[in-house]
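Please examine the sequence and the model shown below. The paragraphs that follow lead through selected parts of its architecture in turn.

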Amino acid sequence: MSRAAYEATPPPASARRPRGELNPVLLRELRARFRSARAFSVLTTFLLFASGLAWAVYAREAGGGAASGLPGAAVGGEIGPVVFGAVLLAELLTLLLVAPGLTMAAISGEIERRTYELLLATPLSGWTIVRGKLGAAMAYLLLLASSVLPVASLAFVLGGLGPLDLLRGQAAVLVAGLLMASLGLAASALLQRTERAAILAYLGAAALCLGPLVALWLIDALGLPDPLLRRLAVGVLSRSTPLLSAMVAGREGIFGLIYGAGALRGLDADAGVDAFLLQSLALQTGLAAALCAWAAGRVRPSGRERRWGIGLAGLLLVWLVWLLAVPVDWRLALGLGGG
Amino acid sequence: MAEREPAIVTRGLARRYGERWALAGLDLSVPRGLIYGLVGPNGAGKTTTLRLLAGLLEPSAGEAWILGQPATGPRHLDRLRQAIGYMPDFSGVYEDMRAWEYLDFYARCHGLPRSLRRRRVAGLLDLIGLSDRAQDEVGSLSRGMQQRLCLAHALVHDPAILLLDEPAAGLDPRARRELRALLRELRAMGKTIVVSSHVLSELAEVCDQVGIMERGRLVAGGALDALERDLDPERSAGQRVLLELLPPAEAAQALLAGLPGVSLEPDGPAAPDGAAHDPEAAEPLRIAIRVEGGAEAHAAVIDALVAAGIRVAAYQRQERDLERVFLGLTRAEVEG
Ligand SMILES: Nc1ncnc2c1ncn2[C@@H]1O[C@H](COP(=O)(O)OP(=O)(O)OP(=O)(O)O)[C@@H](O)[C@H]1O
Ligand SMILES: [Mg+2]
């Protein structure tokens, strides 16, 4: 320790970050993430998976569809949406799998590494820390989503797709990733141990994706006597699972995978599709925000949680009114006909 | 006067974990601009105290003021976080960052503007002697280097108060000495430093005041001299000296005991009655004495020995006898 080159300077008047500076937690997480070899091996695996699936679907639709007896090109539709559906499916599955893993060590990892106290001894708010962690996860998910664009653009060349389809698809998939990442973050803040947080995050992700589908099936099977209650339950449940919103976003593509290209042609499927999608994405984003706000309050309690709680409750109310004013049945939105 | 009020004041500060009181009513007052040593055996509550002051823990009872502002729990304002540098006892580091990035990260957390940040990080790396390792990953540094980095992180926002929990643990002897020099240098900059340790001698040299903790309470506090005097007014006057005398030196003990202001220490290396010492042996005689007075008194002792024809191989004036203060106080507490 040599003679001090360390000069005493009065600390800044306020703890606020100077304008134009990046959230330090975000910067740190980005550096750590993009320096790891794992980030790029996941990216490569994902690209191979997505393009492999797209190629397999393309080959089936363009070539052997008719010969194998499966409904394929024979239906006479365009192949683009089907190939795009395959890409979207690969993207959805990857994000659902990867996103909780990106954040499940966000808080617990700091505790396990014994760096948490150092972080809490700084003036950073819980909200800043959570935003940094979530921001880095979303940056990586955005990289995954944009890396698939060249493959998706192949689908455009094949025809039958508009830019709106791409926008819908990417939005649905990214919101699904946001929800899963927020779930991982909340699990990490709750359990403070990464292994346990991982189990909770993935169980939670499975429950959030599949739970509403099971519940919808049960409502169908058992019925709900009160029509308003039924409408509310079905409306909320069908809009909360990322599986349904992603399917609606890429509906022709994903159903084309099963029934062949053009399977949905002629159906009045556009009725309410965008309303359903918007309502779904709004609900899922709100759910993600609630999880993050909870995690932020757990990292460092402040007065902000109450305001967040009130704000989110208000938004939920507005959302419910919207749901009742524009009630789109999920089967209709999927092109399966009214229920 | 506001400027002279203590940097840290606590009143009845207490913290409970389940049924156990880790801190059972602490009344502390740390004057500004001093190095204050918090000493006590394992589990005395030193870490708990520092974490409470750093705003990382909420007290179960009691209050604290830092720089005149209430500083407990959620009231631990951002402004206070800016005023405090905290170094925990066992802390981890982000192993995947470079050394300069590590300090830069905390500088950003404290909202330092870019130009200041760059200078500060370079200055701190120089201060802890890691300038040449600035580009190395923190994980590749030795434990002691990481420890120094952690100390530097607590300085990054130039806080007025430093809370250092066992900063010397894990450092090599040279780094320990450098740490003491660094603490003095920081004190000269006007900072108030609270430093904990269970090795008292480590702090004796550098602390202006100490607080001795035991079972969550402060059993004694104040300047070291005063503490020593309070503990044992008879014995603690004067300075302890270790003597090594070449044989034949049988006359030495009687001679020393007869000198004014000199007393034989009962727990010296050899028994005072000389029974343990074999006059025929070639081994030098080692005895401990206590000498009252300054340099003159010490010179007089040596003169007397030389005049009596006793050859003095070593005359070692001991540093302040903190372990004894510590043991005496904590033992008294257990018995009482
Ligand atoms: N998180 C915790 N949960 C339960 N008990 C705790 C916790 N932290 C500290 N304690 C208890 O509080 C008491 C004081 O602990 P503390 O860490 O403050 O002691 P210390 O003086 O720092 O000891 P050491 O010299 O070993 O570091 C101990 O009895 C300890 O068991
Ligand atoms: Mg301790």
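Domain bounds, as used here, come from an automatic or database domain assignment. The model itself is predicted. For chain B, the assignment gives domain 1, spanning 6-222, and domain 2, spanning 239-317. The C-alpha centres of these two domains of chain B lie 43 Å apart.

The description of chain B may begin with an open sheet of six strands. Its order is E6-E7-E8-E3-E9-E10 (chain B), and the pairing is mixed. Strand E6 (84-87) and strand E10 (217-223) of chain B stand at the edges; each has a single partner strand, so one side of each is left without a neighbour in the sheet. From one strand to the next, the twist averages 15°.

Is strand E3 of chain B, residues 35-39, enclosed or open? Five of its five residues are buried, so E3(B) is largely enclosed by the rest of the structure. Burial here means a relative accessible area under 20%. The covering applies to both faces of E3(B): B:Ile35, B:Gly37 and B:Val39 are buried on one side, and B:Tyr36 and B:Leu38 are buried on the other. E3(B) also has parallel pairings with two strands. With strand E8 (residues 192-197) of chain B, E3(B) forms five bridges in the parallel sense, and B:Leu38 stands opposite B:Ser196 in E8(B). With strand E9 (residues 209-214) of chain B, E3(B) forms four bridges, again in the parallel sense; here B:Val39 stands opposite B:Ile212 in E9(B).

Another open sheet in chain B consists of four strands in the order E2-E1-E4-E5, and its pairing is antiparallel. Strand E2 (20-30) and strand E5 (69-70) of chain B are the edge strands, each pairing on one side only. Strand E1 (residues 8-17) and strand E4 (residues 61-66) of chain B pair in the antiparallel sense over five bridges. In that pairing, the bridge partner of B:Ile8 is B:Ile66 in E4(B).

Further along chain B, strand E13 (residues 285-291) is mostly covered, with six of its seven residues buried. E13(B) pairs in the antiparallel sense with strand E11 (residues 239-245) of chain B over seven bridges, and B:Leu242 stands opposite B:Ala288 in E13(B). E13(B) also pairs in the antiparallel sense with strand E12 (residues 262-264) of chain B, over three bridges. There, B:Leu264 has B:Ile289 in E13(B) as its bridge partner.

The account now turns to a pocket. The second largest pocket holds about 620 Å³ of space. Its lining comprises 25 residues, of which A:Arg33, A:Ser36, A:Arg38, A:Gly101 and A:Leu102 lie nearest its centre. Several helices of chain A each supply at least two residues of this lining, namely helix H1 (24-35), helix H2 (37-64), helix H3 (80-103), helix H4 (108-113), helix H6 (126-147) and helix H9 (194-222). By class, the lining of the second largest pocket has 12 nonpolar, five polar and eight charged residues.

Note on methods. Residues are numbered from 1 along each chain as its sequence is written. Chains are lettered from A and ligands numbered from 1 in the order in which they are written. This is a predicted model: local features need pLDDT of at least 70, side-chain atom pairs count only at pLDDT 80 or more; totals for chains, interfaces and linings use all residues. Side-chain values use heavy atoms; hydrogens and water are left out. Buried means under 20% relative accessible area, exposed over 50%, partly exposed in between (1.4 Å probe, protein chains only). Two strands pair if DSSP finds at least two bridges between them. On a 1 Å grid over the protein atoms alone, a cavity is a set of points where a 1.4 Å probe fits but cannot get out, and a pocket is an open set with protein on both sides within 12 Å along at least five of seven lines; lining residues have an atom within 4 Å of a point. Grid points are joined across faces, edges and corners, and a volume is the space filled by probe spheres set on the points. Ala, Val, Leu, Ile, Met, Phe, Trp, Tyr, Cys and Pro count as nonpolar, Asp, Glu, Lys and Arg as charged, and the others, Gly among them, as polar. Axes are lines fitted to C-alpha atoms, for helices over the stretch in contact, and angles run from 0 to 180 degrees between N-to-C directions.
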